[in-house]
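Please open the structure in the viewer and prepare to select residues by number.

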Amino acid sequence: MNCIPLVLLLFGLSSTLAQNATSPNTTTQSSTTSTTQTTSKAPTTTPRPSCESKNGTTCEECLAYVDCLWCIPTKTCLTYPAKTILPPNSLCPLNNARWGLCTINFQILIITLSVAAALLIIGFLLCIFCCCKCENIGSARFQNRMNRQSDKTKTKQEQRKTELKIRHDEIRQKYGLSRASPYARFDNPS
């Protein structure tokens, strides 16, 4: 994960360096004044031709630009209708339209992307469901464990209580104290 930004940074720097190498910047040094002068020109950009101007060319030349659509039966290059998500059938049938790559059928591309998106959504929902279910199972296991521990401690307390009661009764018998009435020893004046 950490190498992806580094690779992008390197590609960004290399493209910047390539642009600087191709730009007509010149640096000259004067021997008498020893100052550096830099003259630069703005890179000249040629306006991109419209998609319709690529009619009569090949599919690869038409699809060199992202906003162009190639129609196979008419062999025309059309501007992709950005206002509508899918190009209308009157413009070019989907199974004959090419966009991005000449080898990929536009209709198959749309179907493949929609199936992939549906699978991703279903997978995401399954992950959420499994996480919630596992969390509930985990809390149920924790609750069962806590109930078992509390049951064990209750039984141990009851055992200790009965053992203590038995020991106290033995001591009472040894010294003649009866458990029936706490005032019984006051009745015998001996």
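Begin by selecting C71 and C92: a disulfide, that is, a pair of cysteine sulfur atoms within 2.5 Å, joins the two, with an S to S distance of 2.1 Å. The model is predicted: local features need pLDDT of at least 70, side-chain atom pairs count only at pLDDT 80 or more, and totals for chains, interfaces and linings use all residues. Residues are numbered from 1 along each chain as its sequence is written, and side-chain values use heavy atoms, leaving out hydrogens and water.

The link of C71 and C92 is right-handed, with 90° about the S-S bond. C71 lies in strand β3 and C92 in the loop between β4 (76-79) and β5, so the pair ties together parts 21 residues apart in sequence. Helices (H or I, at least four residues) and strands (E, at least two) are DSSP runs, numbered from the N terminus. Both C71 and C92 are buried, meaning under 20% relative accessible area, whereas exposed means over 50% and partly exposed in between (1.4 Å probe, protein chains only).

Next, select C51 and C68, which are joined by a disulfide with an S to S distance of 1.9 Å. The torsion about this S-S bond is about -85°, so the disulfide is left-handed. C51 is buried at 2% relative accessibility, and C68 is buried at 0%.

Proceed to C59 and C102, whose sulfur atoms are 2.0 Å apart in a disulfide. C59 is in helix α2 and C102 in the loop between β5 (97-98) and α3 (106-174), 43 residues apart.

Finally, select C127, which is in no disulfide and is partly exposed at 48% relative accessibility.
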